[in-house]
Amino acid sequence: MSANLVLLAAPDGVLTGARDALRDLSALGLVEEFCWVRLDGIHDQLAHDQLVTPGELIKDGAGRPVTVQQVLAGRQYDRVRVCSLAAVLPGPEPVDEHVEAERELVDLVRRSSGASQIERLRCVITRPGGTAAADDLGRDGWHTVVISPEDARGPGLGHQVLEPSDDPAVIGGPAATAVAGLTGLWSGVPDAPLDDVAVPPGRTVRVGRVFFRSLDASEVEQAIRDGVTSVAGGLPAVRVAGAQSLRIGQPQGGNGAGSDDVDTATRTMADALWRKHGAVLRGPRVQPAPSPVKDIGALAALRMLFSFIWAAIKNTPMRWRAAITNKLASSAAAAVHGSVFGRAPSAYSVVVRGIRPDGTGADWRDWARASNELAGVIGESAGPGEGLSAGRHDLSTLWQDYLAGAYTLADGGERIGDLPPLQVGADRAVLADPAQVVPGPQHRWKAPGQAGGGELAPYDLLGMQATQARLNPPEGQLTPDLDRARAGLDGWQGRYRSAYAVKVGQRLGRAVSDVRDEAQAILSSLAQAGTDDEPSDDLRRKMKRLTWWMRGLLIGLAVVIIILLLLGGFEGLTWETVTIAIVAAVVVWLLGSCAVFFVSQRELFRELNRRRDAASQTDANRVNLGHVLRDLNRLAAGYEQFLAWSRIAGVVLAAPFGRPAVPGSGAPLLRLPAAGLPLSARIGVAELQPDAVAKAATVIRREVFRAGWLSRPWQALLESAPGRLGPEAIDLAHAPERMYAEQAGEGSLLVRWADLLETAGAADGDPLSDGGRALWQAVGRSLPESELGRSLVAAVRIAGQDQTPRPYPEFMAGLDQPAEAWHGQQLDPVGFGAEARVAGRQRVVSHWFRGTGRELSRAAVLVQLTEAFAAYELAAVPGSGTPDADRDRTRWPMPEIDEVF
């Protein structure tokens with residue numbers, strides 16, 4: 001928008017009333033900033049060779065001393081309007097001559113402003129009975145407009161001639177409204193009727209009048225906006241291909257009719273989400289390699305036998321058994337368990353035992369931190385290429401789809417093919433209650449102090465489990481307060497069990513718990529696999545009995561061999577016979593030992609097979625531990641992000657266009673400036689009509705809410721996030737969709753945004769209003785000119801009158817009529833001389849109209865001007881309108897109209 005400056009220059013005296021009236025209008029926000037300059041001050045400046053021109057800059061009802069040079073240098077103006085005010089009023093004082101001061105002011109503006117356009121205007125305030133010379137009224141090179149001394153409610157309506165007066169308080173009001181219209185001071189109307197209009201040659205004048213209307217419909221606008229955008233009565237049905245959708249469930253939640261349909265709809269959408277993103281819940285796992293059945297060969301069996309016999313001779317059978325079985329024990333398992341337990345005992349205790357270092361119970365956030373620590377320890381002890389990574393997890397596509405599913409349930413839009421909108425037969429359907437999609441902050445449960453305090457969201461499964469654990473103390477310690485809190489928690493849970501966010505959170509929360517249990521089981525298994533089994537007493541007895549058997553067989557063999565050798569030595573038997581007998585004895589001993597050994601050691605062979613299977617399982621556990629810790633870290637991070645995104649979605653669905661305005665103490669106040677207003681200027685406030693607002697809201701909702709309507713406010717909200725989060729979010733400014741990849745956690749951008757959306761109010765600039773502004777602006781543009789919009793402002797309370805609402809047409813008094821309705825109008829002839837009346841100078845030839853508005857509030861300015869004519873034709877100039885009239889004829893009376901005709 002172009003920048004314009006208005007300099008109002010006037011002599012001291014009666015015209016200060018116009019300044020005061022303009023100051024009052026400025027305080028009401030009806031006129032823009034302007035600078036008031038004393039023409040007498042410019043005279044003083046010229047007389048004393050001063051270099052500055054003092055003035056007063058008036059804005060919002062407050063004035064501050066400035067110099068004209070300061071104002072012109074303060075900013076670049078495209079157009080400067082210099083308006084010199086003069087007054088022709090009854091009384092002995094003539095019109096002040098300030099030709100030099102006016103010329104100096106224009107020259108100053110030309111030298112100092114650099115403005116491309118400088119408009120020069122003289123505005124002459126008149127009352128009947130005032131006199132002035134023609135040379136004092138017109139200026140060469142200036143537009144001169146004489147304000148007609150009349151007042152009317154509107155163009156073409158009855159009017160009254162203003163009474164003669166030189167009281168500044170009486171003159172001020174009508175003069176201020178006329179000057180504001182001629183110089184473009186009315187708020188929202190930056191143009192002026194004589195901008196870029198060529199100045200007529202000679203000292204000519206125009207006569208004009210100004211009409212102004214200001215309608216404040218902010219109360220009605222807020223009511224209609226709340227009626228359209230509020231979801232207090234439930235999410236709206238949407239239009240799809242001209243047909244209205246169905247609404248499923250009860251607007252206020254609960255277990256009323258349709259609750260089963262709600263449960264089915266939300267479960268279907270949640271299942272579709274997890275079918276698409278199932279890999280987030282569980283990563284890959286390896287299976288143990290199968291252990292082939294291995295036959296024990298003869299040599300191996302003999303080696304085992306003789307090693308056992310040797311152990312039996314040394315009386316160390318248990319050590320022999322341990323050596324055989326521990327060859328198959330997993331050294332990797334021992335290394336993993338030792339490094340974990342030895343270097344991260346606290347993290348190990350959190351995951352395996354669920355205990356914090358301080359002895360209190362660990363929650364899922366502790367599991368996430370512990371999984372990070374364990375992953376780091378295992379990564380350091382792993383071989384090349386086996387390290388673990390527990391860094392950022394990009395789940396952006398999951399959260400985009402999660403929000404898409406929520407908004408599809410709410411507005412029936414088609415966003416993602418894998419997450420289709422609800423269909424009931426051939427009809428599109430949406431959920432009626434936003435809390436059954438994602439419950440907002442108003443639906444949280446406030447936990448009592450015994451349960452840890454704080455607030456609990458319906459979709460926070462893990463938080464709920466921790467709270468329930470606190471509300472279930474050991475037997476005999478249940479207090480009445482805990483019992484009531486437990487009953488309240490159960491009832492609260494039941495109200496939101498069908499919500500989409502609850503169903504998504506249950507799957508994600510259970511996945512976190514399941515993976516933590518899996519990590520606990522693997523670490524426990526590795527701990528067991530990494531330690532030697534302590535033999536039982538029964539096994540010790542069996543091994544002792546087997547040892548005595550083997551010793552007995554060996555002793556018997558030795559006795560037989562000794563006897564045979566003695567018989568051979570004493571020639572009782574031949575050596576051939578002795579040799580054969582010894583061989584037979586050894587064979588019998590060997591067969592007997594083998595039989596006793598292998599029958600007694602069947603349990604040992606079963607143990608060997610079990611150890612082979614355990615070794616294979618241990619190797620798989622070692623690999624799977626890395627996958628499980630990654631899953632636990634990813635799921636815990638994802639769960640925290642899920643809580644943050646659910647907070648955001650809950651706020652958006654509860655108030656997609658911003659929170660309703662806090663009701664004020666009443667309707668907007670109707671105030672008048674201290675000087676009052678003429679009939680031609682009116683300030684009004686639209687009367688709030690509840691029935692009309694309700695009807696309009698219903699009609700607008702049917703047209704505005706089409707399938708997918710949430711996409712526009714959500715995108716606007718997302719794009720506004722970087723600007724509200726400050727410099728830390730600069731990377732998001734050019735790619736707001738990167739917000740989906742943000743991590744959660746204290747102080748993160750995602751959590752800060754959720755906090756901002758939950759806590760910001762209208763006084764802070766509700767961020768949600770950014771999301772709804774785009775959609776509401778379309779409504780606001782079409783509403784004023786529609787029959788529906790006119791019905792909302794059908795009654796107006798007018799400032800300065802009784803508070804009885806008046807019809808809108810009466811308030812506008814013709815200013816809302818087409819321009820053709822104003823043709824042929826005339827000003828009151830009181831300000832025109834006889835010659836001018838005969839020539840029809842009072843006929844209006846220019847109707848300059850400007851209207852502006854925001855939604856239903858509006859302002860309108862109409863300036864009506866005659867054609868330019870010679871100043872001596874005015875009634876204020878003595879001499880019956882002849883250009884060469886003698887100055888002494890100022891004593892002669894003005895001719896009456898009857899004398900002319």
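This is a predicted model: local features need pLDDT of at least 70, side-chain atom pairs count only at pLDDT 80 or more; totals for chains, interfaces and linings use all residues.
Strand β15 (residues 427-431) runs parallel to β13, and three bridges connect the two. Within this pairing, L246 has A429 of β15 as its bridge partner. In general terms, the strands of a sheet pair through backbone hydrogen bonds, in either a parallel or an antiparallel sense.

## The chain as a whole

The protein chain contains 29 helices and 23 strands. It has 901 residues, of which 50% count as buried. When contacts between residues at least 6 apart in sequence are considered, 76% of them join residues at least 24 apart. The sections below take up individual strands, helix pairs and residues.

## Parallel pairing around β6

Strand β6 (residues 117-126) is mostly covered, with seven of its 10 residues buried. Which strands pair with β6, and in what sense? Strand β5 (residues 79-88) is parallel to β6 and is joined to it by 10 bridges. Strand β7 (residues 143-147) also pairs with β6 in the parallel sense, over five bridges.

Residue L121 of β6 takes part in both pairings. It is the bridge partner of C83, and its own bridge partner in β7 is H143. As a general point on such elements, the side chains of a regular strand alternate between the two faces of the sheet.

## Helices α1 and α6

Two packed helices are described by the angle between their axes and by the distance between those axes. For helix α1 (residues 16-27) and helix α6 (residues 168-183), the axes come within 7 Å and cross at roughly 60°. The crossing of α1 past α6 is right-handed.

On the α1 side, the contact involves G17, A18, A21, L22 and L25; on the α6 side, it involves P168, G172, G173, A175, A176 and A180. Sorted by class, the contact of α1 with α6 comprises eight nonpolar residues, three polar residues and no charged residues.

## Helices α16 and α17

How do helices α16 and α17 lie relative to each other? The axes of helix α16 (residues 461-470) and helix α17 (residues 480-495) cross at roughly 155° and come within 10 Å. Angles over 145° count as roughly antiparallel, and α16 and α17 are therefore roughly antiparallel to each other. Their crossing is left-handed.

Helix α16 contributes M464, T467, Q468 and R470 to the contact, while helix α17 contributes L482, L489, W492 and Q493. The residues in the contact of α16 with α17 comprise four nonpolar, three polar and one charged.

S646 belongs to helix α21 (residues 602-654). Is S646 buried or exposed? Its relative accessibility is 0%, so S646 counts as buried. Apart from neighbours within four places in sequence, S646 is in contact with Y402, V438 and Y459.

Helix α18 (residues 500-529) contains L523. The relative accessibility of L523 is 2%, which means that it counts as buried. L523 and R622 are 99 residues apart along the chain, and their C-alpha atoms are separated by 9.0 Å.

E373 lies in helix α14 (residues 364-381). With a relative accessible area of 40%, E373 is partly exposed. Between E373 and L629, which are 256 residues apart in sequence, the C-alpha to C-alpha distance is 9.7 Å.

Methods
Residues are numbered from 1 along each chain as its sequence is written. Side-chain values use heavy atoms; hydrogens and water are left out. Axes are lines fitted to C-alpha atoms, for helices over the stretch in contact, and angles run from 0 to 180 degrees between N-to-C directions. Helices (H or I, at least four residues) and strands (E, at least two) are DSSP runs, numbered from the N terminus. Angles under 35 degrees count as roughly parallel, over 145 as roughly antiparallel, 65 to 115 as roughly perpendicular and the rest as oblique. A crossing is left-handed if the near helix is turned anticlockwise from the far one by less than a right angle, and right-handed if clockwise. Contact means heavy atoms within 4.5 Å. Ala, Val, Leu, Ile, Met, Phe, Trp, Tyr, Cys and Pro count as nonpolar, Asp, Glu, Lys and Arg as charged, and the others, Gly among them, as polar. Two strands pair if DSSP finds at least two bridges between them. Buried means under 20% relative accessible area, exposed over 50%, partly exposed in between (1.4 Å probe, protein chains only).
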